[in-house]
Amino acid sequence: MVRGKTEMKRIENATSRQVTFSKRRSGILKKAFELSVLCDAEVALIVFSPKGRLYEFSSSSTNKTIERYQKNDRYLGPNRKIAEIQTTEHLKEEVATMTRKLELLEDSKRKLLGQGLDSSSFDELQQVEEQLERSLSCIRARKNLLLREQIAHLKEEEKILMKQNADLRKRIEVVPLPLKIDSREEEDPQRQTMELETELFIGLPQRQSSH
């Protein structure tokens, strides 16, 4: 059975709240013990129940661990504040630097698009022109590369088609041609006799005149 995700809010039912506290307390004490053993770390854990009962774990001594913490906090307290201030100032400088860079990029973009040139000096216009020339050179180089690739691809396709055409021609030459038979020779002789033209004469046969 898959357990649902526990909603992080106070458990209203007192019995359920006490059961959950007991389970979670045992779990966190076990994790503290494992951390101290596996990592050789000095661990101190203090837990108070809702009724005020104390539960604690320490890999050495709770009091010694607390004293060690207080000493470190006393020494690191002022330094920590200084470090936080320095970090904040550094972040502010980084933000200001990035803002200036973005403004310069936006201004350069507008000039490349031909906008905001009225306030540009001769040197700035010269730089914009050179940048455009470099951009056009890169565009032309890329375009020529794509054209060469397309031409090479078309040539490969042409070779394939020519090879297929040659194979088809070879196959056609191998296939024997059927013999051509005169249709008149295959006609039925009786049909040929029936198709002969005849003439019918009525009367005496004519005699041939003698010379």
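Student: What kinds of residues make up the lining of the largest pocket?
Tutor: This is a predicted model. In it, the lining of the largest pocket divides into seven charged, three nonpolar and two polar residues.

Student: Which ones are closest to the pocket's centre?
Tutor: Twelve residues line the largest pocket, and those closest to its centre are Thr6, Met8, Ile11, Thr20 and Arg24.

Student: And how much space lies in there?
Tutor: About 280 Å³ lies in the largest pocket.

Student: Switching topic. How many aromatic pairs does the structure hold?
Tutor: Two. One of them is formed by Phe33 and Phe57, with 6.2 Å centre to centre and 85° between the planes, which is edge-to-face.

Student: Where in the chain are those two?
Tutor: Phe33 is in helix 1 (residues 14-39) and Phe57 is in strand 2 (residues 54-58). They are 24 residues apart, so the pair links distant parts of the chain.

Student: Is Phe57 buried or exposed?
Tutor: Phe57 counts as buried because its relative accessibility is 18%, and the cut-off for buried is under 20%. Phe33 is partly exposed, at 46% relative accessible area.

Student: What lies over the face of Tyr55?
Tutor: Arg25 does, at 4.2 Å from the ring centre.

Student: Where is confidence lowest, and where is it highest?
Tutor: The lowest is in helix 4 (residues 189-194), with a mean pLDDT of 52. Strand 1 (residues 44-48) has the highest, at 93.

Student: And what does the chain average?
Tutor: The average pLDDT is 80, and 76% of the residues score at least 70.

How values were computed: Residues numbered from 1 in each chain as written. Predicted model: local features only at pLDDT ≥ 70, side-chain atom pairs only at ≥ 80, totals over all residues. Heavy atoms only, no water. pLDDT = per-residue confidence, 0-100. Helix = DSSP H or I, 4+ residues; strand = E, 2+ residues; numbered from the N terminus. Phe/Tyr/Trp six-rings, centres within 6.5 Å; stacked < 30°, edge-to-face > 60°. Buried < 20%, exposed > 50% of the residue type's maximum accessible area, 1.4 Å probe, protein only. Lys NZ or Arg CZ within 6 Å of the ring centre and 35° of its normal. 1 Å grid on protein atoms, 1.4 Å probe; cavity = no way out; pocket = protein on both sides within 12 Å on 5 of 7 lines; lining within 4 Å. Points joined across faces, edges and corners; volume = space filled by probe spheres on them. Nonpolar A, V, L, I, M, F, W, Y, C, P; charged D, E, K, R; others polar.
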